[in-house]
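Subject: Handover of a structure

Hello,

I am passing this structure on to you. Please look it over, then read the notes below.

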Amino acid sequence: MPGKPFSELCQSLSFDVKVRLVRELAASSACLFRNQLRGIKNIYGKLSLVERSTSSEKNLPYRELVDAKISDSAKESESDDGSAAMGKNLGALLSYEFTKAFLEGTLPAADRIVSMQFFWDSHIRQDVHRGRFRSSKDWIIACLSFSENECHSALNRYSAGELDSDAEDEAEGAKITLQTIENLESLLPLVFRADSHDLEPSMIFHDEISRHSLLLDDSGKLAGLLD
């Protein structure tokens, strides 16, 4: 990808350039929010990854079409610093590119979650649903399942025999965590609406934007974002 990490250019960029960069990121995020998808999932470049999904993971619509209509807001006049207009134009471009890709059959596939929490230690071997998720409630339940399995595993290790102080602390911590998980699960129906077949609105989101993942050109303009 073109550009250099923000971390390498930070010292040489003026404060005004940094302000413009932040505004551009905010405006771009707002445009992504306006072009919402459905369900919680990761994006894949090849359909073969989706085709290998289990039957239980194919129970959601294969992919969602982003609104084909270019937002009228993209045609509004440019702000003084141009950041709002850049963001609006980016949103319009994303709508166009997604629609074009959909019509050509080249839209990236969306399927199971690949965040590290689903791979750490024994997590990759655990029988926990990995998406696509209909809602954030389903995603939270999956995350809690990993913690619950770890607690039961710890208690099974220390179920018999004398325990040293470290083992006792770990076993006690596992019991407390299990109680916390049970309490959280009881609260889920109060926080989230009743189960529905509707997919929860979602958006393309980067959860680890940092000075190392931001790529800029020599003038300090945003050139790319590493995932």
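Where is the place of E200? E200 sits in the loop between α6 and β5. At 23% relative accessibility, E200 is partly exposed. Here buried means under 20% relative accessible area, exposed means over 50%, and partly exposed lies in between (1.4 Å probe, protein chains only). E200 and R134 are 66 residues apart in sequence, yet their C-alpha atoms are 6.0 Å apart in space.

Some ground rules. This is a predicted model, in which local features need pLDDT of at least 70 and side-chain atom pairs count only at pLDDT 80 or more, while totals for chains, interfaces and linings use all residues. Residues are numbered from 1 along each chain as its sequence is written, and side-chain values use heavy atoms, with hydrogens and water left out.

Overall layout

The chain has 6 helices and 7 strands. Helices (H or I, at least four residues) and strands (E, at least two) are DSSP runs, numbered from the N terminus. Their order from the N terminus is β-α-α-β-β-α-α-β-α-α-β-β-β. Of the 227 residues in the chain, 32% are buried.

The salt bridge

The structure holds 1 salt bridge. The term means a side-chain nitrogen of Lys or Arg within 4 Å of a carboxyl oxygen of Asp or Glu. E170 pairs with R157, and the closest N and O atoms are 2.6 Å apart. The pair links distant parts of the chain: E170 belongs to helix α6 and R157 to helix α5 (residues 136–157), 13 residues apart. E170 counts as partly exposed because its relative accessibility is 35%. R157 is also partly exposed, at 47%.

I181 is found in helix α6. It is buried, with a relative accessible area of 5%. I181 and L144 are 37 residues apart in sequence, and 6.7 Å separates their C-alpha atoms. I141 is in helix α5. At 33% relative accessibility, I141 is partly exposed. I141 and H129 are 12 residues apart in sequence and 9.2 Å apart, C-alpha to C-alpha.

Surface patches

Two patches deserve a look. D164, D166, E168, D169 and E172 form a patch of negative charge on the surface. Patches are made of residues with over 30% relative accessible area and no salt bridge; like charges are joined within 9 Å, and nonpolar side chains (Val, Leu, Ile, Met, Phe, Trp, Tyr) within 5 Å. Asp and Glu count as negative, Lys and Arg as positive; His and the chain ends are not counted. A charge is placed at NZ of Lys, CZ of Arg, CG of Asp or CD of Glu. E172 is in helix α6 (residues 165–191). E172 is partly exposed, at 43% relative accessibility.

The other patch is nonpolar. V114, M116, F119, W120 and I124 make this surface patch of about 490 Å². Accessible areas come from the Shrake-Rupley method with a 1.4 Å probe; for residues, only the protein chains shown count as cover. M116 lies in the loop between β4 (109–111) and α5.

The loop between β4 and α5

D121 is in the loop between β4 and α5. Its phi is near 50 degrees, a positive value in a residue other than glycine. D121 is exposed, with a relative accessible area of 69%. R132 is in the loop between β4 and α5. The peptide bond from G131 to R132 is cis, with omega near 5 degrees.

The loop between β5 and β6

Is H206 buried or exposed? H206 counts as buried because its relative accessible area is 18%. Its place is in the loop between β5 (201–202) and β6 (214–216). The H206 side chain makes polar contacts with the backbone. A polar contact is a pair of N or O atoms within 3.5 Å; within protein, one must be able to donate a hydrogen and the other to accept it, and residues adjacent in sequence count only if both atoms are side-chain atoms. The side chain of H206 reaches the backbone oxygen of L226 at 2.6 Å. A polar atom of that side chain lies 3.4 Å from the backbone nitrogen of I209.

S210 is in the loop between β5 and β6. S210 is partly exposed, at 28% relative accessible area. S210 and L226 are 16 residues apart along the chain, with 9.5 Å between their C-alpha atoms.

Best regards
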